[in-house]
Amino acid sequence: QGSDGDFLKGQGFAYARYVHSRFPGFGASWSAWVADVEVNRVSGEVHVRRVVVGHDAGTIVNPAGAVHQVHGNVVQTTSRALKERVPLDAAGAPGAREWGAYPILSFREVPVIEVVTMPRQGEPPLGIGEASSVPGTAAIANAIFDATGVRFREPPFTPEVVRAALGVAAPPSPRQALAAPSGSRSTPALASPSMREVPVAAPRRRRRAWGIAGALVTGALGMAAAFVGYRPALAPVAPPDPSLFTAAALERGRDVAAAGNCAVCHTAPGGVTNAGGRAMETPFGTIVTTNLTPDPETGIGRWSYPAFARAMREGISRDGRHLYPAFPYTAFTKLSDDDLLALYAYLMSEPAVRHAVAATDLPLPYRRAAMPLWNALHLDPGAYVPDPARSAQWNHGAYLVDGAGHCGACHTPRGALGAERSSDAYLAGAMVEGWEAPALTARSPAPVPWTEDELFAYLRHGHTREHGSVAGPMAPVVRDLASLPESDVRAIATYLASFHAPAGDTAAIARTLAETSRASPVDSPAARLFTGACGACHHGGDGPVLLGRNLPLAHYTSLHSDRPDNLLRAILEGVREPATAEIGFMPAFRDALSDRQVAVLAAYLRARFAPGTPPWPDLPSAAARVRAHPTR
């Protein structure tokens, strides 16, 4: 999750099935926790900042009272996990304890508690009390592990226990602190090698062998390109007054920014929105994104609108430097004047954040001096020109897909110089940040053909029954699309659907897939691994929906793709930031399953839910490769 000064942040998930009665029926309920914690690496104190509880409770008679009861259970469970040491008698059994001797936190010490109940009216009450607290301690322990890398297997997780595990000395008392010589400085040592702060290694850069002649040619081309492509700096201006922009312009600019998904690239992990600093690994080196806030010193606060428009349409910064095409100005050049001005107004009206980011410096031959030549080959400047033979809705969708949405940046494969390939390669699928961005055209490996309605639902809600749910880098895209007018998302669906042949009876295709996967043999070690790790949620659609959506696995594109990467990433990394609340979370199995087990599970899923597709080759090596390059 990251760190903030002396605080390490983590998130943990756990779920449990609580059997409490056999009358009426079979009394058993499910509950799950997602806990966010902060661990003070100096004092060892653990603070639980947010808890989300999902509870399957059958019939709920008093919803408000049920939520209040769960809140109380959350505070009590957190108190016991962090403070209560159970006394043992001489025989080793838990001793009795008087009420009032339990250390209880206040509600203010768990500032955010969210409860998601799953009432199933028509079934007997399954209990809303202690059943909701069963997975609590495990979720907190998993969150502490996520934050510190140390596995705590026995509560309570007191400051003394945490400090001992981290190898940190106890903090000095106030008297000791006053007695310390002035000007002295001490840093708690982390005794465990696994917990020491180690500088993060820079991502590997693709290197090419260049002979002396090649280097000379490249240098000559770069110098010529720099001379021909020289652009002057534009004078800085005073930051504009946000009150000059109308509410309509700001709202339109917000929509353009959402369609462009600007914040995802221009926000560092754990950083302030649009303040830049995210390191993006590319085949040519690491590019650090810039500060888009109107800070006059480190952001774009002194950029005039002409300077902003030049950067968006030509890839030239205010100071005259050429921008790298990782910033997709090749797509933004298609924006209309109105949308570009609205986007400028919106960005200039946002809070200014002072955040200086590291400069990007790519190795030869990818210096900025070569960018004018690159632009001459690959930049097609100019706003989008509508196709008169197509409908207004289709043209609007094309404008959003090829312009602000820059969908091709992820879904179109690139050539040797990093430019999106054209012609038949358009939206034909590519690898991005360790994930496969599947083809959006008729080349899509989706087992159920895409229709306009399915594309609309998938982009609007993040899931459909015929195509599963989104994950990976597509999740934040769907989150941003949720704020756009419905007509915009419908236009995108109309445009993308035009690349697919008429789908026919997709419901019949989906039913056949589901029936085939259910008819597959399930009595094997691989099947038992699937049942134990995945069966509670992914049980084929014939059981209760406990958390999120129980969508048929046979419909997921990742199981039918030629590459196993997306499936392997979902197993290893889980779904921790779902596109919508409806999808639900999925735990990561990185620390629970070995590469061999992940390979066995992936092979089983492929054979059972994508029958007729060839087995993926060398899955253990693929699992090791994906594990070695996490995307979080």
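Let's start where two helices touch: D595, V598, A599, A602 and A603 of α21 are in contact with L619, P620, A623, A624 and R627 of α22. Sorted by class, this contact between α21 and α22 counts eight nonpolar residues, two charged ones and no polar ones. The model you are looking at is a predicted one. In it, α21 covers residues 595-609 and α22 covers residues 619-628, and the two pack at an angle of about 115°. Their axes are 8 Å apart, and the crossing of α21 past α22 is right-handed.

Now step back to the whole protein for a moment. The protein contains 22 helices and 11 strands. Of its 632 residues, 45% are buried. Its accessible surface is about 32000 Å², and carbon and sulfur atoms hold 58% of that surface. If you take the contacts with a sequence separation of 6 or more, 67% of them join residues 24 or more positions apart.

With that background, zoom in on N291. You will find N291 in the loop that runs between β7 (285-288) and α8 (305-314). Is N291 buried or exposed? N291 counts as buried because its relative accessibility is 3%, and the cut-off for buried is under 20%. Its side chain has polar partners, too. One is the backbone oxygen of V353, which the side chain of N291 reaches at 2.9 Å. Another is the backbone oxygen of H355, 3.3 Å from a polar atom of the N291 side chain. Which residues does N291 touch once those up to four places away in sequence are set aside? They are N274, A275, G276, T298, G299, I300, V353 and H355.

Setting aside neighbours within four places in sequence, S133 has contacts with W33, N73 and T77. For a view of how the chain folds back here, compare S133 with Y18: the two are 115 residues apart in sequence, while their C-alpha atoms are 9.8 Å apart in space.

Notes. Residues are numbered from 1 along each chain as its sequence is written. This is a predicted model: local features need pLDDT of at least 70, side-chain atom pairs count only at pLDDT 80 or more; totals for chains, interfaces and linings use all residues. Side-chain values use heavy atoms; hydrogens and water are left out. Axes are lines fitted to C-alpha atoms, for helices over the stretch in contact, and angles run from 0 to 180 degrees between N-to-C directions. Helices (H or I, at least four residues) and strands (E, at least two) are DSSP runs, numbered from the N terminus. A crossing is left-handed if the near helix is turned anticlockwise from the far one by less than a right angle, and right-handed if clockwise. Contact means heavy atoms within 4.5 Å. Ala, Val, Leu, Ile, Met, Phe, Trp, Tyr, Cys and Pro count as nonpolar, Asp, Glu, Lys and Arg as charged, and the others, Gly among them, as polar. Buried means under 20% relative accessible area, exposed over 50%, partly exposed in between (1.4 Å probe, protein chains only). A polar contact is a pair of N or O atoms within 3.5 Å; within protein, one must be able to donate a hydrogen and the other to accept it, and residues adjacent in sequence count only if both atoms are side-chain atoms. Accessible areas come from the Shrake-Rupley method with a 1.4 Å probe; for residues, only the protein chains shown count as cover.
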